[in-house]
Amino acid sequence: MKRVSSANVFSTIATTTLLTSPYRPPDKGNCKSNNVKVMGNKKTGVHGNVADYHVFNGGVHSGKPSFMKWTLNDVVNVVRSHRIPCVFAVGMVFFMYVEYTIRMVPHSSPPLDWGFLLTRSFHRALASRPLLNTVLAALNTVFVLMQTVYIVWAWIIEGRPRATISALFMFTCRGILGCSTQLPLPQEFLGSGVDFPVGNVSFFLFFSGHVAGAVIASLDMRRMQRRGMAWLFDILNVLQSLRLLATRGHYTIDLAVGLGAGILFDFLAGKYEQSKTTKTSTFSRSMKEIC
């Protein structure tokens, strides 16, 4: 922690002090310069002397802890204005209780997976009808090819590499994680020679590349206002997930992380594109100035 001079802080106090009471809506009047008074050689802001402010990670923070400024209205406003975080707070407490009281699965037993439990009837139907299992596996392979064609098409034909970059990021990370922790193949796994990857070859369980690839394609479709195609891919992705659970081709956690991975790597690919565009723009402006 370092003490800063009044000159460095004076121009920013009117806005930064609003952050010291995050639960009340900002008062537009606090942003006006007349809320910062000069008293002798000291400059005073809406929450006290400038000398009382210190720099933490580039921001300005008053010497008093934030909770000392809270009022009953602040607490009420938290519940009214931030309902989703409050729900998650309750969820955190609940699952802390569950975690510390749940019975652990013995090492001699297979993993407990609620997705497997909910798809037991579907699993029995596929196990008793090998032809149906093969047809669904073939359709799933077609869906994977649809994802691949779209992602490559967006780059090769339309000149938009973001989805391809996202897929490259995703599959590389998936390979690293898949090698780091190799989960056991579920005992009731129903394989098929036409399932992707074709030929009953080995594959990584964590996380699902099927789901992540479909999410990446769907997000790109939405950026291009192809909402009908995006909804189609989302529906097929849900059906694909049900089939993967029923065939025991993935654990539930593989599918959930696959969904998050698709969103994450699409975001990272966008950041990568943005950084390259910014550098190119800066270079172009520099060349124009030189010329």
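The structure is a predicted model, in which local features require pLDDT of at least 70 and side-chain atom pairs count only at pLDDT 80 or more, whereas totals for chains, interfaces and linings use all residues. Residues are numbered from 1 along each chain as its sequence is written, and side-chain values use heavy atoms, with hydrogens and water left out.

The chain contains 11 helices and six strands, taken as DSSP runs numbered from the N terminus (helices: H or I, at least four residues; strands: E, at least two). Of its 291 residues, 30% are buried; buried denotes under 20% relative accessible area, exposed over 50%, and partly exposed in between (1.4 Å probe, protein chains only). Contacts are defined by heavy atoms within 4.5 Å. Among contacts in the chain between residues at least 6 apart in sequence, 73% join residues at least 24 apart. The accessible surface amounts to about 19100 Å², and carbon and sulfur atoms account for 67% of it; areas were computed by the Shrake-Rupley method with a 1.4 Å probe, and for residues only the protein chains shown count as cover.

Helix 7 spans residues 130–156. Its 27 residues reach 39 Å from the first C-alpha to the last, close to the expected 39 Å at 1.5 Å a residue, where the expected span is 1.5 Å times one less than the number of residues. The buried residues of helix 7 include Asn133, Ala137, Phe143, Gln147 and Ile151. Its buried residues pack against helix 6 (120–128), helix 8 (162–180), helix 9 (209–223) and helix 10 (227–246). Asn140, in helix 7, is buried because its relative accessible area is 4%. Beyond its neighbours within four places in sequence, Asn140 contacts His210, Gln240, Arg243 and Leu244. Val152 also lies in helix 7, but counts as partly exposed because its relative accessibility is 40%. With residues up to four places away in sequence not counted, Val152 touches Ile157 and Thr164. The C-alpha atoms of Val152 and Thr164 are 6.4 Å apart, at a sequence separation of 12 residues.

The largest pocket holds about 570 Å³ of space. Its lining comprises 29 residues, of which Val144, Arg174, Phe196, Pro197 and His210 are the closest to the pocket centre. Helix 7, helix 8 and helix 9 are the elements that give two or more residues to this lining. On a 1 Å grid over the protein atoms alone, a pocket is an open set of points where a 1.4 Å probe fits, with protein on both sides within 12 Å along at least five of seven lines; lining residues have an atom within 4 Å of a point. Grid points are joined across faces, edges and corners, and the volume is the space filled by probe spheres set on the points.

The peptide bond from Phe206 to Phe207 is cis, with omega near -5°, and Phe207 is located in the loop between helix 8 and helix 9. Gln225, in the loop between helix 9 and helix 10, is a residue other than glycine with a positive phi, near 60°. Gln225 is exposed because its relative accessibility is 55%. Arg248, likewise not a glycine, has a positive phi of about 60° and occupies the loop between helix 10 and helix 11 (252–290). Arg248 is buried because its relative accessible area is 2%.
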